[in-house]
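Colleague: Please show me the structure. I have some questions about it.

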Amino acid sequence: MLQDDTKTELKERTQWLLDGPLKHVRAAALAAALLPLASIVATPASAQTAAPCMSGGTCGTVYTDTNGNGIIDTGDTPIEGATVTACAVCDGTDTLTVTTDLNGAFQFLGTPLDSTFSFYVMIPTGTSPSPIGPDHPDNIGTSNGAGFSVAPVPLGSNAANFGFVPTAAAQPGTGTPGYWKNHPEAWPVGSIMVGNVTYTKAQAISLLGKTGKDKTITMFQSLVSAMLSVMVGNDGSCISAAIMEGNKWLMANPVGSNVAGGSAAWTSGDPIHITLDAYDNGLLCAPHRQ
């Protein structure tokens, strides 16, 4: 059941990626890219093999890097069911997705139009990407600050490996706006600066409990929750970029300025909120509070 839940979560996060950062379909390129890859997308992960890569294919492994050395060696374990998303333009026009098999292996077949794709692998909860560099040949990905390990991968590569190091320190877990509203004793600070405005704890808690259609309140609530969760000791590597962007968005759209859900401002703000909300609910690099 736990494995099924994990796969469901991965599928939901991949769909978020497709509907958010990888949005806006360019149909012609997508059709051209999908045709030679139809077989791999339709084939169950257990039936796929990653090495050696077939002609024109690109393959690799997703694994737990137990000792954090960036090398697949004794004691490391494969991560089955990880979703690997590839795109060239990364606007949804040429998005391809496969899932790792029992050995943590994945493979993209065919030769899409572009010579280099960006690969996205969701960072498993409680881990961070392995180090990269000449001394760490079995990891190519780095955190993009939005919950994914990302790397440019030349087509035909047979070493598109993504390692993830378990977080050493115990994390207290993330909290939703409801948690932080109802547990003032858990706050590590007496005031907090959001969107370049300083709020007392009492003022912030009042805003956490506010309802309505103003999307600046929605952003404030998810952003403050993420900031507090990082402050109390949770891994913030996957959310640092979103926290920065959320603060910038609230500087441009101050709390209480009545931003509507269908506005241009919320079109840019909603993807940031989605990432923050996923972190608040324990779906990214830190677990949720028990």
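Modeller: Helices (H or I, at least four residues) and strands (E, at least two) are DSSP runs, numbered from the N terminus. The model is predicted: local features need pLDDT of at least 70, side-chain atom pairs count only at pLDDT 80 or more, and totals for chains, interfaces and linings use all residues. Residues are numbered from 1 along each chain as its sequence is written, and side-chain values use heavy atoms, with hydrogens and water left out.

Colleague: Is Ser130 buried or exposed?

Modeller: Ser130 sits in the loop between β7 (127–129) and β8 (142–143). Buried means under 20% relative accessible area, exposed over 50%, and partly exposed in between (1.4 Å probe, protein chains only). Because its relative accessibility is 4%, Ser130 is buried.

Colleague: Within what arc do the buried residues of α5 fall?

Modeller: In α5 (residues 201–208), the buried residues are Ala204, Ile205, Leu207 and Leu208, while Ala202 and Ser206 on the other side are exposed. The arc is taken from the directions from the helix axis to the C-beta atoms. Seen down the axis of α5, the buried residues line one face of the helix, because they fall within an arc of 160°.

Colleague: At roughly what angle do the axes of α7 and α8 cross?

Modeller: Axes are lines fitted to C-alpha atoms, for helices over the stretch in contact (heavy atoms within 4.5 Å). Angles run from 0 to 180 degrees between N-to-C directions. The axes of α7 (residues 240–252) and α8 (residues 264–280) come within 9 Å, and they cross at roughly 145°.
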